[in-house]
Amino acid sequence: KHYGDEWFKGRPDLFGESFPLTEDFASAQEIIDDAFSFGEEAARSILKEIIFPMQRIWDSGVINALPKTLDEATVAFREEIEMVYQPNATRSIRWLQENGRCVDHIIPKQSTIEGAGRGAFAKRDLPKGTIITGSPLHHIPMKDNFMPMFRTVHTDANSDEVPRREVAGQQLLLNYCFGHSESTLLLCPYGAGIGYINHNQTQANVKVVWPKDGQMSHDETWLKKQPDEMIEINGAHLALDYVATRDIAAGEELFLDYGDGWEEAWDEYAANWKSERIWSSSYVSAKRWNEKTAGIPLRTAVETSTDPYPANLHVRCHSELDEDEWGSFEEWPASEYGYPCEIKERKKDAQGQDIYSVRFTTEKYDRWDTEFESPQVLDIHGVPRSAIRFFDAPYTSDLHLRGAFRRPIAIPEAIMPTEWKNTPSDCPDV
């Protein structure tokens, strides 16, 4: 995958100032083509007497893009310069089997556990021992410095006392990270589908293990580091493999054992839970509201000024509305969150269906492309009802209720390094 030239330009500490970019390879191709335009023998002389010596004394993107041998130069001329470097990006089937990770073993869909939301399901039969997926890990050495969320507590307006901050809860991210009751370290995975693997102690069919040293950037020396030694180090240096503990049939839900402490904490939380919703009794989730209002005309901005929707909802339009040609909007993929939009007008089309004029804010931002540094505000007409949906406003869904359950997945004791245990054994997970 090509991340774009700006990805390399933005990392001079890793790639240097003369790392060859797209235009450099194009220029290098022209130099090779010009050299070979005099014939192969002449080209060999030009390469040996001029170009190769220049590579030893001159550092530039174009020079670094040029082939380093006569054979490579011949390949660049007869095919194209990209083929000189293609072998560096091509791996054998055997190498991929030994070192690679399949990233499409998992399909996300509604979990079989009531109230759990979405879960992870096997896309195909997975024999015992299959590495279902793998994930690099973000390391957070001191969780108490990162995970708490705060609220500001104001004193009397006439008081000179400075407002203070109080811990209001923990970030939702905590639920998706691995931790240990005797460590300040959190490991937060990022990978295909892993966030959908729910907890089930009795039906667990997946376990986590450390990969082989060097695979997925996993560095075994980190298993000997103290958490405070990791503070100033960036990048992923640890990883996890998710392994089938038995034969798993296609379509079967995948479960992980989050640990005894997690199970006990959840049982206690569920037994004592009380709703602490801060919204009015008119609260309804975006999912339910979309189902309820699917066939009902949407209110315009003028209408909502006197008859507003529930405060926890906001309207978003499908992101493809800014394309020249529209497809069907009947099915929104799970990754489609749309863009904020305001309904300006509602009218009927020739078939008597409601269509809308909307003001559409793209929210497009690409730090490598200055064209999209600012959002684009577009007025779009003839928008079908299916291209408009309601979403939960940030921090208003059930996941963000005050007092919502927060606890990391337990790092299994069998793979927990002693060096990471830097807190008393009776210290809570969060």
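**Cysteines in the model: a chat**

Modeller: Starting with Cys102: with 29% relative accessibility, Cys102 counts as partly exposed, meaning between the cut-offs for buried (under 20% relative accessible area) and exposed (over 50%), with a 1.4 Å probe and protein chains only. This is a predicted model, where local features need pLDDT of at least 70, side-chain atom pairs count only at pLDDT 80 or more, and totals for chains, interfaces and linings use all residues. Residues are numbered from 1 along each chain as its sequence is written, and side-chain values use heavy atoms, leaving out hydrogens and water.

Colleague: OK, how many disulfides does the structure hold?

Modeller: There are 2, taking a disulfide as a pair of cysteine sulfur atoms within 2.5 Å.

Colleague: Which residue does Cys177 join?

Modeller: Cys188, with S to S at 2.0 Å. Cys177 sits in the loop between β5 (164-170) and β6 (178-179) and Cys188 in strand β7 (residues 186-189), so the bond ties together parts 11 residues apart in sequence. Strands here are DSSP runs (E, at least two residues), numbered from the N terminus.

Colleague: Are those two buried or exposed?

Modeller: Cys177 is buried at 0% relative accessibility, and Cys188 is buried at 4%.

Colleague: Switching over, what does Cys317 pair with?

Modeller: Cys341, S to S 2.1 Å. That pair links distant parts of the chain, 24 residues apart: Cys317 in strand β12 (residues 313-317) and Cys341 in strand β13 (residues 339-348).

Colleague: And why is the disulfide of Cys317 and Cys341 right-handed?

Modeller: Because the torsion about its S-S bond is about 80 degrees. For Cys177 and Cys188 the torsion is about 100 degrees, so that disulfide is right-handed too.

Terms used:
Helix = DSSP H or I, 4+ residues; strand = E, 2+ residues; numbered from the N terminus.
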